[in-house]
Amino acid sequence: MNIPNILTLARIAFIPLLVVLFYLPFSWSMPVAAGLFALASVTDWLDGYLARRWNQSTPFGAFLDPVADKLMVAVALALLIERFDTLVLTLPALVIIGREIVISALREWMAEMGKRGMVAVSWIGKLKTTLQMVALLILLAFPPGHELALIGVVVLYAAAILTLWSMAQYLKAAWPHLSRSM
């Protein structure tokens, strides 16, 4: 157990707290939930940075970090789907969740073939993640109908477009191996 892994575990521990804060009937609960999500997003960056900087990368951390990220994002998206209760937000949320499932399965399959590096995170994936986190932060902080929530939805659509683009790139890179196994 090292500090990067503790930060990753903390991100997972934040999830139930995020849900509780989201449902509290107080005016401060939404901004605090958004603040917790922002803190979790910072730990996502920080744990990877520290693991590389201190040479503390572990197989456990390599497994847990993407799990923690996907859990936090999926829970936040599920909460927002309920809050907004509209296809306008549900559509990009489902695209993002669906892509994460497809790419996780693809990475696992490629790893079994010894080709995991062919589906490594790209700059598009990093940009997608940044836009996604910004959108979720805004949408958690502001209620439907607020003008800043509209900006959050627009940013979420930009993240969803990059989600599809990065998924297409990953599938294109893996296609020669996928098509051979059909």
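Both Arg-11 and Asp-47 are buried, a term that stands for a relative accessible area under 20%, whereas exposed stands for over 50% and partly exposed for values in between (1.4 Å probe, protein chains only). The model is a predicted one, in which local features need pLDDT of at least 70 and side-chain atom pairs count only at pLDDT 80 or more, while totals for chains, interfaces and linings use all residues. Residues are numbered from 1 along each chain as its sequence is written, and side-chain values use heavy atoms, with hydrogens and water left out.

Arg-11 and Asp-47 are joined by a salt bridge, their closest N and O atoms lying 2.8 Å apart; the term describes a side-chain nitrogen of Lys or Arg within 4 Å of a carboxyl oxygen of Asp or Glu. This pair links distant parts of the chain, since Arg-11 belongs to helix H1 (residues 3-23) and Asp-47 to helix H2 (residues 29-53), 36 residues apart. Helices (H or I, at least four residues), like strands (E, at least two), are DSSP runs numbered from the N terminus.

A further salt bridge brings together the side chains of Glu-100 and Lys-70, at 3.2 Å from N to O. Here too distant parts of the chain are linked, with Glu-100 in helix H4 (residues 87-112) and Lys-70 in helix H3 (residues 59-84), 30 residues apart. Glu-100 is buried, at a relative accessible area of 12%, whereas Lys-70 is partly exposed, at 25%.

The side chain of Glu-100 also meets that of Arg-99 in a salt bridge of 3.0 Å, N to O. Through shared partners, salt bridges join Arg-11, Asp-44, Asp-47, Asp-65 and Asp-69 into one network. Across the whole structure, the search finds seven salt bridges.
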